[in-house]
Amino acid sequence: MTWAPVGTNGTNMDGMLAMAQVYEKYANDRGGLGGRKLKVLTCNEHDTIIGVRTCAQEANDAGAVAVVGSYSEQGADFVSALETYDIPYIGGYGITQDEFQSIESYPINGGLPALLAGNGRQLADLCSRVTLVRPDTTTGDQFPSFIDDGLRAGGSSDAKDLRTPDTATEYTATAEQAVGRNKSSDCVSAVLGDHTSTFFDSLRHVGDKPAKVRVSSVLGSVTQSLVDSTGGANSPLENAYVTGWYPPSSDPQWNGMKAAVAKYAFGDDRIDVDDPGPQTTWIAYTVLDEVISAIKGKSSLSRLVLEKAMDHTTNLSTGGLTPPLGWTDQDLHGIVPGYSRLVNTKVTYQQVRNGRLVAARPGFIDLNATLTRNSRSGG
């Protein structure tokens, strides 16, 4: 099963459900997973506690062997439901801390710790002072400590923490606070989801002249499609620095995913191949494909068999979309308190140049030392 919120007032990820259906057709046209036919169930979890519990119940009743490539902010509730049914959770989006705690969970990216610490480390080389503009929410409350980890690792001071609603239609007052009367901040990182571009548009209209600050964000809040829709090279996001889990969508390593979408979901506007949601789902099913294909024998596949296979998997290749992955005891970093299942501490540095989101530095940047040092020092 793949689940995600659809039609809610919050973040919606129907593209992840559509991508799961693409992978079902793609895999079965190639003989299935290790000779086994793939059947994908999708479920709208409605961004509610009842929704995730209902989806978990449906997964159990249908005999699903895993929940794969999914999104939910109801971390504690979906984790407890899956643990009740012994259903493994493979390749969740990484938005909640619970995904990095449950022994039933097999994350593929570094979640918020890697993404935000990477953003701080990227900006430490560019800025003397950073203001972080983030949601005034429980999830947003985690952002400052992680971005400060990266800033400290680069020898910079902590960011100015500026909380704001992530549902506003304009951010003039917030933008004025971010810049400050004496232009005390020369870099502003905004992590406001779909409203990030709205903030940057307000920022460039502060005062009589555009604010002379570098702007930054993270993957998910800034995507290629967002840059396109806000003016391309004339977008307020031009020159923005972006930290991501995966290579930019312009990287040829995404060609396989794009070809599958073109073949099996032509005209399906739910899928944005530039969005990290569908990208995460594609990678998660790639992991499932590799693990199941390596299981010897043609016996029926159970949850227990799949979990044991996952627990013994190491150095698994996703074709360069992530570093090699594994979930053995040796692969678990355990360096960030509350994130014991963290196995991937690498990120990518990107920048918007001439309306295109491209690599600012080649390859992956490893934040293992940064996260380790700051967790030991209590940062």
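Entry 1: I looked up C187 to begin with; C187 is buried, with a relative accessible area of 1%. Buried means under 20% relative accessible area, exposed over 50%, and partly exposed in between, with a 1.4 Å probe and protein chains only. I note that this is a predicted model: local features need pLDDT of at least 70, side-chain atom pairs count only at pLDDT 80 or more, and totals for chains, interfaces and linings use all residues. Residues are numbered from 1 along each chain as its sequence is written, and side-chain values use heavy atoms, with hydrogens and water left out.

Which cysteine forms a disulfide with C187? I found C127, with the sulfur atoms 1.9 Å apart. A disulfide here is a pair of cysteine sulfur atoms within 2.5 Å. The torsion about this S-S bond is about -90°, so the disulfide is left-handed. C127 sits in the loop between α4 and β6 and C187 in strand β8, so the pair ties together parts 60 residues apart in sequence. Helices (H or I, at least four residues) and strands (E, at least two) are DSSP runs, numbered from the N terminus. C127 is also buried, at 9%.

I then checked C43 and C55, which form a disulfide with sulfur atoms 2.0 Å apart. Its torsion is about -85°, so it too is left-handed. C43 lies in strand β2 and C55 in helix α2, 12 residues apart. The count comes to two disulfides.

**Entry 2: helix α7.** I asked why α7 (residues 196-203) is largely enclosed by the rest of the structure. Six of its eight residues are buried, so the rest of the structure largely encloses it. The buried ones are T196, S197, F199, F200, S202 and L203. I listed part of the cover: it includes β6, α6 and β8, by contact, meaning heavy atoms within 4.5 Å.

**Entry 3: cores.** A nonpolar core is a set of buried Ala, Val, Leu, Ile, Met, Phe, Trp, Tyr and Cys residues joined through side-chain atoms within 4.5 Å. The largest has 77 residues, and I90 and V287 touch the most other members. A second, separate core of 24 residues includes V133, F199, F200 and V242.

**Entry 4: strand β10.** I followed V242 to β10 (residues 241-244). Y241 and T243 point one way, V242 and G244 the other, and all are buried. Three bridges join β9 to β10, and the two run parallel. Strands pair if DSSP finds at least two bridges between them. Four bridges join β10 to β11, which run antiparallel. I noted two partners of Y241: S216 and, in β11, Q351.
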